[in-house]
Amino acid sequence: MNLFRSEEHIVRWLDGRSPGTTISALALCDLAHAWWGDRLSPSWRPHTRDQNQSILDSLGLTGTFWQLP
Amino acid sequence: MDDLDIALRNTTYGLFVEFGKAPTVDETARRAGMASAHVALGWQRLHDAHALVLYPGTDELRMANPFAARSTPYRVHASGRSSYANCAWDAFGICAALQSDGRIETACADCGDEITVHVEGRKPVGEIDVLFHCLVPASQWWDDIVFS
């Protein structure tokens, strides 16, 4: 789960491995706030699998790659 | 995860932020008013529930996601403190967890070129043309969370 300068850098870093998926810094920031925003809340409760999947879905992170177990 | 383990988890996270580093079992036991052995057992249950991550075979914290216990390539300055994140996602996550603007200092994983991204008002500014690549599918993240 790394940052890269460009798609070209990702391809070079993969070095023949199958790629995962790539999103923008803007999308990543939105994901991080939705996913981690409550972690220091005194009322924190564990997220269920469905809650986490809803976060991904709501941000358009859909498809097989983003399906939680 | 029962209420006692959630309370232990919240105390652990609070100390992580307060100390600016991972608390030990003994430090957490003192704050929680628990025996160290009970904290160690609780941390193992929280590890098994993916609520934090321990180094294998130890009672030493490795991750209180999004915070990393040791230095990583992801340094985050937010809310008047510096922290290390486990990955790029967690780096933004530290700003989110602290509900703070921040500055993320890292490098392109390919070429090593320095990258600095600021978070202001929950949005990235600065070098926002960088890309985030996630190699491992979501279904496999916890098969090896350190690699993921």
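**View 1. Chain A on its own.** With 69 residues, chain A would have a radius of gyration near 11 Å as a compact globule, but its value is 15 Å (taken over C-alpha atoms, with the globule rule being 2.2 Å times the number of residues to the power 0.38). This is a predicted model, where local features need pLDDT of at least 70, side-chain atom pairs count only at pLDDT 80 or more, and totals for chains, interfaces and linings use all residues. Residues are numbered from 1 along each chain as its sequence is written, while chains are lettered from A and ligands numbered from 1 in the order in which they are written. Buried residues come to 23% of the chain (buried means 20 or more other C-beta atoms within 10 Å of the residue's own, with C-beta atoms placed from the backbone). Follow the sequence of chain A and you get β-α-β-α-α, that is, 3 helices and 2 strands (DSSP runs numbered from the N terminus: H or I of at least four residues for helices, E of at least two for strands).

**View 2. Where chain A meets chain B.** Chain A puts 37 residues into the contact and chain B puts in 40 (two residues touch if their C-beta atoms, placed from the backbone, lie within 7 Å). On chain A, the elements giving two or more residues are β1 (2-4), α1 (7-14), β2 (21-24) and α2 (25-36). α2(A) gives the most, with 9 residues. Sorted by class, this side of chain A has 22 nonpolar, 10 polar and 5 charged residues (Ala, Val, Leu, Ile, Met, Phe, Trp, Tyr, Cys and Pro are nonpolar; Asp, Glu, Lys and Arg are charged; the others, Gly among them, are polar).

**View 3. A strand pair across the two chains.** β1(A) runs antiparallel to β9 (residues 131-134) of chain B, joined by 3 bridges (strands pair if DSSP finds at least two bridges between them). Look for A:Leu3, which sits opposite B:Phe132 in β9(B).

Key. A residue is buried if 20 or more other C-beta atoms lie within 10 Å of its own, exposed if 12 or fewer, and partly exposed in between; C-beta atoms are placed from the backbone.
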